[in-house]
Amino acid sequence: MKTALVTGITGQDGAYLSQLLLGKGYEVFGVIRRSSHRGVEDHRLRWLGIADKVTLLDGDLADLSSLVRIVKEVRPDEVYNLAAQSFVASSWRQPILTANITAVGVTNILEAIRAEQPEARFYQASSSEMYGLIQEPMQSEATPFYPRSPYAVAKLYGHWITVNYRESFGMHASSGILFNHESPLRGVEFVTRKVTDGVARIKLGLAGELRLGNVDAKRDWGHARDYVKAMWLMLQQDKPDDYVVATGRTTTVRDMCRIAFDHAGLDMERHLVIDPAFYRPAEVDVLLGNPAKAEQKLGWRPETTLEQMIIEMVDADLERLRRTTPG
């Protein structure tokens with residue numbers, strides 16, 4: 001039985017990855033920060049029905065000693081670093097926290113592995129946000145980076161320190177440059193889930209409008225359930241490497257909204273409100289990934305379309321709200 005250690009296990013990707021690994025017979029351990037909300041933060045694992053099948057250990061990416069202790073205790077075959085301050089908008093308000101967790105935290109987990117389990121295979125969750133002000137119409141592993149937020153800058157550090165440890169110490173360390181990937185488990189602060197939750201609330205008469213910022217921004221959206229398969233495939237390769245994981249299709253936020261409103265039988269123009277308060281200080285206008293390398297070397301392809309994903313998310317939010325709304 002292989003053993004996997006997952007940081008960020010209570011997030012969207014951590015939950016789907018844990019489900020995948022358990023299905024492959026892994027023993028799964030997760031790093032979780034101490035919180036007064038213990039018992040609440042594992043709701044994604046419970047939603048997937050796997051909360052009692054993983055082992056949660058107290059630790060923090062900002063605390064090297066806790067990571068060393070955990071790696072020494074678990075002796076993982078594979079380590080997936082999915083933990084981060086991952087909300088782009090918050091990174092302007094909390095740039096130092098973002099740097100400490102999303103950037104320096106990667107060095108901490110790499111150091112813990114190097115000290116206690118150097119043969120373990122390591123996955124770093126890199127981000128398409130690193131491309132920022134895009135230098136090529138379609139972004140591949142060779143496209144230059146131009147980060148446009150503190151979050152993207154921090155992710156870029158995490159990406160390059162992973163490459164550096166691979167080249168300096170011979171570690172099996174790979175980065176997945178994942179483009180936007182969503183699901184019913186996505187936090188409501190992210191735009192896709194904000195849209196599907198908002199549409200569900202309007203449909204049920206709990207709200208009258210959906211307020212968004214730049215709806216002309218274009219993103220390459222896939223399903224997190226598909227993307228965690230690419231993470232696992234990277235660590236099954238003989239040699240570590242970096243891969244873009246994307247669908248190769250870009251869609252505006254406006255058109256993504258239209259899919260959600262149409263599925264709910266609502267007129268988008270009656271309910272969508274553009275609010276300048278939601279504009280970013282520096283916007284990323286277009287992201288479009290080229291997944292050719294992942295397709296060729298990993299044999300990976302996305303299985304869920306944007307339309308299927310948004311419909312799944314709207315239906316899940318309708319079900320949640322009907323279940324939790326009094327009356």
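Residues are numbered from 1 along each chain as its sequence is written, and side-chain values use heavy atoms, with hydrogens and water left out. Because the model is predicted, local features need pLDDT of at least 70 and side-chain atom pairs count only at pLDDT 80 or more, whereas totals for chains, interfaces and linings use all residues.

Helices (H or I, at least four residues) and strands (E, at least two) are DSSP runs, numbered from the N terminus. An open sheet of 7 strands has the order β3-β2-β1-β4-β5-β6-β11, with parallel pairing; two strands pair if DSSP finds at least two bridges between them. The edges are formed by β3 (55–58) and β11, each of which has a single partner strand, so one side of each lacks a neighbour in the sheet. On average, neighbouring strands are turned by 20 degrees against each other, direction ignored. Strand β2 (residues 27–32) pairs with β3 in the parallel sense over 4 bridges, and Gly30 stands opposite Leu56 in β3.

Strand β5 (121–127) is joined to β4 (residues 78–81) by 4 bridges, with Val79 opposite Phe122. Another 7 bridges join β5 to β6 (residues 172–178), and these two strands run parallel. The bridge partner of Ala125 in β6 is Gly176. Together with helix α6 (residues 150–169), β5 and β6 make a right-handed β-α-β unit; right-handed means that, with the strands pointing away from the viewer, the path from the first strand over the helix to the second runs clockwise. Of the 7 residues of β5, 6 are buried, so the strand is largely enclosed by the rest of the structure. Buried means under 20% relative accessible area, exposed over 50%, and partly exposed in between (1.4 Å probe, protein chains only).

Helix α5 (residues 95–116) lies across β4 and β5, running at about 175 degrees to β5. Axes are lines fitted to C-alpha atoms, for helices over the stretch in contact, and angles run from 0 to 180 degrees between N-to-C directions. Helix α8 also packs on the sheet, touching β4, β5, β6 and β11, and its direction makes about 160 degrees with that of β6. Ile96 lies in α5 and counts as exposed at 64% relative accessibility.

The largest nonpolar core has 34 residues, and those with the most contacts inside it are Leu17, Leu21, Tyr80 and Tyr123. Such a core is a set of buried Ala, Val, Leu, Ile, Met, Phe, Trp, Tyr and Cys residues joined through side-chain atoms within 4.5 Å. The elements that each supply at least two residues include β1 (3–7), α1 (12–23) and β5, while α8 gives the most, with 8 residues. A second, separate core of 26 residues includes Leu212, Cys257, Phe261 and Leu321.

Helix α12 (residues 306–324) has 19 residues, which at 1.5 Å a residue should span 27 Å; its end C-alpha atoms are 27 Å apart, in agreement. The expected span is 1.5 Å times one less than the number of residues. Among the buried residues of α12 are Leu306, Ile310, Asp317 and Leu321. The buried residues of this helix pack against elements including α2 (43–47), α7 (191–203) and α9 (253–263), where contact means heavy atoms within 4.5 Å.
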